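Here is a note for a colleague who is opening this structure for the first time. The points below go through the nonpolar cores, some helix contacts and a few backbone details.

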Amino acid sequence: MTLRAQGFLGATPWRRSPAGVAAMLRQVGAVQLDTISVLARSHELVAYARLGPVSRQAIEQAYWHADAPAAFEYWAHAACVLPIEQWPYFAFRRRAFRARGVRWHQISPEACEKVLARLRAEGPLTATQLGGAKGGGPWWDWSEVKIAVEWLLDTGEVICVRRTGWRRVYDLPERVLPDELLGAEPADLECLAYLAGVTARALGVVTRADLTEYHRLGVQHTPLLADAALAAGLTPVAIAGPSRVTPGWADPAALAEESAGRRGRHRVTLLSPFDSLIWDRKRTRQVFGFEHGIEAYVPKPKRVHGYYAMPLLAGGRLAGRADPAREGTTLVARQVTLDRATAAEPMAQALHEAATWVGCDDVRVERVEPSAWAPRLAAALAQPDVS
């Protein structure tokens, strides 16, 4: 159910559609952003994993369309690209920021007013255009302008619907949002009910912990989640585990698909470490029996699978990992880890497809774990057509 909900199983109608990226974004509800770029940035990899080798330019345009914004950037699971229609339903978070009065830095009201005045007078601007993002100290030392504009983003007085050169472009909500979205201010329970529906459609079936983690809800929202799930029209279910039964909720459409017995073809692909299928490590372990971690933030001597190890999805299972890099037109897998010998062939397929997508014409593997399966992977990579 989760694989189908996430767009990895079955005849997904938007897989070959020109509007596939936007449809994919609406289906998964949120696409996490991250600064690391190896083969591509994570938000590009999320679309590629579901849609196949759609052009990277098309992906960028779908997320950040210059003329007709269909998405915005805000805090969901982390910093995420979100469908534009979700704007009203993060009112609960914007209200919470305003009530708290501070996030990480002290905010100058004067600096905030200056930022707003510049945006009113000059139109959309980056932090650099507003006066600079850095404060002159270490990399985390923000300038007063950057502190102000990020606070205004938190509280909804500015919005980001576009990036350029990986820099946020800040604008006023009234310039980019339709009137029906701009004027909406739903209560907290209505916001949580809407987001519960988003999460259930994205995962198929959810527990209370899943509803909390997908949008990183606070403990203050936990007592409201059961009411929110019912208000969203979700179906109460019992989820059988190895030692106990966990109460949860299912998307009615996902239950109907499951009851109909529809299966379809599984996608074979490498996943971004920040993909919404696996960003909840506990759920990933429970559903797939797969221990997932992001080793880019681990000191090099302590890494087990590599700097940017991308899990392999094949046959509905997470079956291995590849840590990719690029050298000219060669995709280099610095380390490949296979969870079973039969994962060699789908790993070869996934590496070849990823290489083609990023403009590489060769694949080289430097290390395989377990090493005994290296010849099988090499043989699969040597096949002229593994797809």
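1. A nonpolar core here is a set of buried Ala, Val, Leu, Ile, Met, Phe, Trp, Tyr and Cys residues joined through side-chain atoms within 4.5 Å, where buried means under 20% relative accessible area, exposed over 50% and partly exposed in between (1.4 Å probe, protein chains only). The model is predicted, so that local features need pLDDT of at least 70 and side-chain atom pairs count only at pLDDT 80 or more, while totals for chains, interfaces and linings use all residues. Residues are numbered from 1 along each chain as its sequence is written, and side-chain values use heavy atoms, with hydrogens and water left out.

2. The largest nonpolar core holds 107 residues, and those that touch the most other members are Met24, Tyr63, Phe72, Leu312, Met347 and Leu351. If neighbours within four places in sequence are set aside, Met24 is in contact (heavy atoms within 4.5 Å) with Trp14, Val31, Val46, Ala47, Arg50 and Tyr63. There is also a second, separate core of eleven residues, among them Leu3, Phe8, Ala49 and Phe290. In soluble globular proteins, nonpolar side chains tend to be buried together.

3. Helices (H or I, at least four residues) and strands (E, at least two) are DSSP runs, numbered from the N terminus. In helix H5, the residues Ala91, Phe92, Arg93, Arg94 and Phe97 are buried, and the buried residues of H5 pack against strand S2 (71–75), H8 and helix H11 (188–203). Just after H5 comes Gly101, which takes a positive phi of about 85 degrees.

4. How are H5 and H8 arranged? Helix H5 (residues 91–100) packs with helix H8 (residues 144–155) at an angle of about 130 degrees, their axes being 7 Å apart; axes are lines fitted to C-alpha atoms, for helices over the stretch in contact, and angles run from 0 to 180 degrees between N-to-C directions. H5 is therefore oblique to H8, given that angles under 35 degrees count as roughly parallel, over 145 as roughly antiparallel, 65 to 115 as roughly perpendicular and the rest as oblique. Arg94, Phe97 and Arg98 of H5 make the contact with Trp151, Asp154 and Thr155 of H8.

5. Helix H3 (residues 42–51) and helix H16 (residues 344–357) have axes that come within 12 Å and cross at roughly 125 degrees, which means that H3 is oblique to H16. On the side of H3, the contact is made by Glu44, Leu45 and Tyr48, and on the side of H16 by Ala350, Glu353, Ala354 and Trp357.

6. Most residues other than glycine have a negative phi, and most peptide bonds are trans. Trp166, in the loop between strand S5 (159–164) and strand S6 (167–171), has a positive phi near 70 degrees. Arg216, which lies in the loop between helix H12 (208–214) and helix H13 (225–231), has a positive phi of about 50 degrees although it is not a glycine, and Arg216 is partly exposed, with a relative accessible area of 41%.

7. Two prolines deserve a look. A cis peptide bond, with omega about -10 degrees, joins Glu369 and Pro370, and Pro370 is found in the loop between strand S15 (368–369) and helix H17 (374–382). Pro375, by contrast, lies in helix H17 and is exposed, with a relative accessible area of 55%.
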